Amino acid sequence: MKWPEGGICLGADFLLTVREALKRSPFAGARLMAGAGGLDRQIRWVHILEISTLENLIYGGEMILATGVGFNLDTAHSVRYMEKLIQQNAACLCIEIGPYFHAVPEELRELADRCGFPLILLPHSIRFVDITQDLHSLIINRHHRTLRELESISREFHRLTLTANGTLNVLKLLHKSTSTQLIYRPLNGTPVCYPPLTADKQDQLLASTDACFKEQEAAPSAGADTVPKPYFAAGSQIVLQSIGVLNQNWAYLALICHREPVEFDYLLLDSAALSIAQELLRTRYMEERKLFSENLWVDELLNNRLTDEKQVKAMLGPSLNRYAELYIRVCLIEIGNLHDESLQLQETDAETIRYHLSLLLRSIFEKHGFRLFLTMKNNRLAAIAVDKKNSGKAKARLQSALDALGSLRADDKLRDLKLAVGVGKAYSSLSQVYMSHREAVQALALHSCFRKPALFYEDLGVFQLLALNDTETLRQFVRSYLGAVLDYDQAKGSDLLTTLRIFLDHDGSKQVAAQKLFIVRQSLYYRLEKLKELLGEDFMVPETRLAISVALRAHQMLPPDRSDHIPNRIKNPSG
């Protein structure tokens, strides 16, 4: 492939300008009457337009051919007509000298010169069909050449990412193809300017463009939007492209243009960003595998087999030593259907999904100010989340990070996964991490009771006391307070247990309970009489009511046991 000499922008070679069009043979005898300052306007298409209501008929960049037959070309009308063309960003206006137009009014010349809008007179001998056929053929052929050049350069981008210093090589080729100053700005890393600048000039350029990057990052679509966006700063046109991976924004790439960016610049920028994104993803995958092999100590810490605080801090790295107090939580993420036959996954597929999920989790948590230390067993990821900001509101930020897991539905590899998350309490000492892990296990075990995507241990309420391994004790407790109701429901096929739960959850309000159960109040009275008969007249006495409420919660946690006929009917502890 032949690259341009001396850094000439490839895109400029494919543009058709008014200046070049006037040199074509169909324009022999044409005269430029005004607007010479706009001869470098780009012509995207040729359009014959004879009416003055043109707002919805052109999109910008058209050469307009007219005879004047469809509109009144007196001075006032002709000026308004040209003003509309200029507002619609037409390339130029060509009017045929003939029975409908004889001379150019001075007002029209002044408007064309003032706005740099070429006004061209065509002799009657020039046929519009010759102009359209010649220019359209030229535009289409150049468009095909542009696509071929773009494809060739895109392949070269992809090849360069497979070499050492792939991103830098992509920047070199992008600069050579666009003749622009480039800024590559990773979210976690040092910005790179290409061509390289002196330290003072680089600092000045980064400072002058910083607002553009911040505006892009604050946009609602940041991370997912791959469309290059134009900005203006420091006297230059800036085309800014987000580099998104796994539906997350990892870096930015910007063209600093001292000219008007052309479509070819946008296309090349998008292609370069895609190639860099692929290299970033490959690099992160390799790093993720390396981290898992190096972080075998994480499992030791979670299970309280590693208790030397200094040793653990050394493993966490020096970056966390600057914090006077640590904020640490353990998050357990369980893939509920990783081994379902319906997914038809091979073991290698399951491993790929686990690494893919861990990579995405690390990216999301870093964005919300947490550093993750991960370990992985079967269908469960255990993450030690260390707050890097140490600035308060850590739980809210952690909740936002866990909420962002909903974006997994946009990922083809993870779309069908069923995830459950349990989070332990926050601790400030590494020696207490195993306690947060134990709490996260208990929270995860109660996921089916609460039906929340992410469950924090401190939000379990009385379930903290019930989350024990002594199932038999809980079962006996449930039988002692609810056995009569459970046996009655089993024998009669009724559901008094639900009535009891809703009645107690709403402070014994008969009106609210009847509404929640979708029954008339008389039916509720009958059910309450039956509950009194089964539980005793004093079941609403505070001590008894508290014990029954706890038994209802314990019943939710018990696994089905046919021997005592305790059906798992209650689905939501909050009603």
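In helix α3, five residues to look at are Ser78, Val79, Tyr81, Met82 and Leu85: they are buried, meaning under 20% relative accessible area, with exposed over 50% and partly exposed in between, using a 1.4 Å probe and protein chains only. They cover an arc of only 160° around the axis, so they sit on the same side of α3. That arc is taken from the directions that run from the helix axis to the C-beta atoms.

A word on the model. It is a predicted one, where local features need pLDDT of at least 70 and side-chain atom pairs count only at pLDDT 80 or more, while totals for chains, interfaces and linings use all residues. Residues are numbered from 1 along each chain as its sequence is written, and side-chain values use heavy atoms, leaving out hydrogens and water. Helices (H or I, at least four residues) and strands (E, at least two) are DSSP runs, numbered from the N terminus.

Back to α3. What do its buried residues pack against? They pack against β3 (62-66), β4 (92-96), α4 (106-115) and β5 (119-122). Contact here means heavy atoms within 4.5 Å.

Now the length of α3. The expected span of a helix is 1.5 Å times one less than its number of residues. Helix α3 has 13 residues, 75-87, so it should span 18 Å, and its end C-alpha atoms are 18 Å apart, which agrees. After α3 comes Asn89, with a positive phi near 65°.

Next, the sheet. It is open, has 5 strands in the order β12-β13-β11-β14-β15, and its pairing is mixed. Two strands pair if DSSP finds at least two bridges between them. The edge strands, β12 (370-377) and β15 (454-456), each pair on one side only. On average, neighbouring strands are turned by 20° against each other, direction ignored. Axes are lines fitted to C-alpha atoms, for helices over the stretch in contact, and angles run from 0 to 180 degrees between N-to-C directions.

Take β11. Of its 8 residues, 7 are buried. β11 pairs with β13 in the antiparallel sense over 7 bridges. There, Glu334 stands opposite Arg380 in β13. β11 also runs antiparallel to β14, joined by 5 bridges. On that side, Glu334 has Ala420 of β14 as its bridge partner. Ile333 stands opposite Val421 in β14.

On to β14. Is it enclosed or open? Because 5 of its 5 residues are buried, β14 is largely enclosed by the rest of the structure. In a regular strand the side chains alternate between the two faces of the sheet. In β14, Leu419, Val421 and Val423 point one way, Ala420 and Gly422 the other way, and all are buried.

β14 (residues 419-423) also pairs with β15, in the parallel sense, over 3 bridges. Val421 stands opposite Ala454 in β15. Gly422 has Leu455 of β15 as its bridge partner.

Two helices go with this sheet. Helix α12 (residues 394-403) lies across β11 (328-335), β12, β13 (380-387), β14 and β15, running at about 160° to β15. Helix α13 (residues 433-445) packs on the sheet and touches β11, β13, β14 and β15. The direction of α13 makes about 35° with that of β11.

Last, the cysteines. A disulfide is a covalent bond between the sulfur atoms of two cysteines. Here it is called when a pair of cysteine sulfur atoms lies within 2.5 Å. The count comes to 0 disulfides. For Cys94, the nearest cysteine sulfur is that of Cys92, 4.3 Å away. Cys94 counts as buried, at 0% relative accessibility. Cys115 is partly exposed, with a relative accessible area of 31%.
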